[in-house]
Amino acid sequence: YSWCALFTLPDLHRMSRKRSQRACVDVVNKCCALYGVEPCPVVFKTARHQRCAYYYPEGGYISLPAHMMRVDIAVHEAAHHIVNHLWPRSIDHGPVFVRVCMCLMHRLYGLEMIWIRSSARASGVRWAGSKYDAPLSEFK
């Protein structure tokens, strides 16, 4: 998903560095808490046969291969889990998913929404309205 690659720009380097399993689980839990969704298990794969990170809706878990154990990727997969639970008819990487990612990046990492929206717009990405943002009262 090319738009998400924008979040690995040098000024966001701290999010794109490889992290520990604990850091990835913690960020998934924080994302889910923002939306009031039960956190999903995160499975870590050591074999190289899994090339990408995935959210498996049928099993309700995230699978992260060792070479993709990064906080920004964990946020992306957590967004899939949140959208699957709250808006199951939404399409993968569709406008609702994009809005959830935007909200998570803003709330968890303090990225300015104006920057997030302009980067999405420049990439031709569409997003849903603010009704898909996490409630402010949930953020701690």
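## Overall architecture

The protein chain has 5 helices and 3 strands, where helices (H or I, at least four residues) and strands (E, at least two) are DSSP runs numbered from the N terminus. Read from the N terminus on, these elements follow the order α-α-β-β-β-α-α-α. The model is a predicted one, in which local features need pLDDT of at least 70 and side-chain atom pairs count only at pLDDT 80 or more, whereas totals for chains, interfaces and linings use all residues. Residues are numbered from 1 along each chain as its sequence is written, and side-chain values use heavy atoms, with hydrogens and water left out.

Of the 140 residues in the protein chain, 44% are buried. Here buried means under 20% relative accessible area, exposed over 50%, and partly exposed in between, with a 1.4 Å probe and protein chains only. Among contacts in the protein chain with a separation of 6 or more, 59% are accounted for by residues 24 or more positions apart; contact means heavy atoms within 4.5 Å.

## Packing of H2 against H4

The axes of H2 and H4 come within 11 Å and cross at roughly 110°. Axes are lines fitted to C-alpha atoms, for helices over the stretch in contact, and angles run from 0 to 180 degrees between N-to-C directions. H2 and H4 are therefore roughly perpendicular to each other, given that angles under 35 degrees count as roughly parallel, over 145 as roughly antiparallel, 65 to 115 as roughly perpendicular and the rest as oblique.

On the H2 side, the contact involves Val27, Lys30, Cys31, Leu34 and Tyr35. These residues meet Val100, Cys103, Leu104, Arg107, Leu108 and Tyr109 in H4. Classified by residue type, the contact of H2 with H4 has 9 nonpolar, no polar and 2 charged residues. In this scheme Ala, Val, Leu, Ile, Met, Phe, Trp, Tyr, Cys and Pro count as nonpolar, Asp, Glu, Lys and Arg as charged, and the others, Gly among them, as polar.

## Salt bridges

The structure holds 3 salt bridges, each defined as a side-chain nitrogen of Lys or Arg within 4 Å of a carboxyl oxygen of Asp or Glu. One of them joins Asp26 to Arg22, with the closest N and O atoms 2.9 Å apart. Asp26 and Arg22 are separated by about one helical turn, because they are 4 residues apart in helix H2 (residues 21-35). Asp26 counts as partly exposed, at 32% relative accessibility.

Asp72 forms a salt bridge with Arg70, and the closest N and O atoms are 2.7 Å apart. The two partners fall into separate accessibility classes: Asp72 is buried at 7% relative accessibility, whereas Arg70 is partly exposed at 23%.

## Arg99 and its surroundings

Arg99 is found in helix H4 and forms a salt bridge with Asp133, the closest N and O atoms being 2.8 Å apart. Asp133 lies in the segment after helix H5 (113-122) and Arg99 in helix H4 (residues 95-109), so the pair ties together parts that are 34 residues apart in sequence. Arg99 is buried, with a relative accessible area of 8%, while Asp133 is partly exposed at 22%.

Leaving aside neighbours within four places in sequence, Arg99 is in contact with Met113, Trp127, Ala128, Gly129, Ser130, Tyr132 and Asp133.

## Cysteines

The count of disulfides comes to 0, a disulfide being a pair of cysteine sulfur atoms within 2.5 Å. For Cys40, the closest cysteine sulfur is that of Cys32, at 5.3 Å, which is too far for a bond. Cys40 is buried, with a relative accessible area of 6%.

Cys103 is likewise in no disulfide, and the nearest cysteine sulfur, that of Cys31, is 9.5 Å away. Cys103 is buried at 2% relative accessible area. Both Cys103 and Cys31 also belong to the contact of H2 with H4.

## The loop residue Glu38

Glu38 lies in the loop between H2 and strand S1 (42-45). At 64% relative accessibility, Glu38 counts as exposed. Apart from neighbours within four places in sequence, Glu38 is in contact with Cys32 and His81. The C-alpha atoms of Glu38 and His85 are separated by 9.0 Å, although the two residues are 47 residues apart along the chain.
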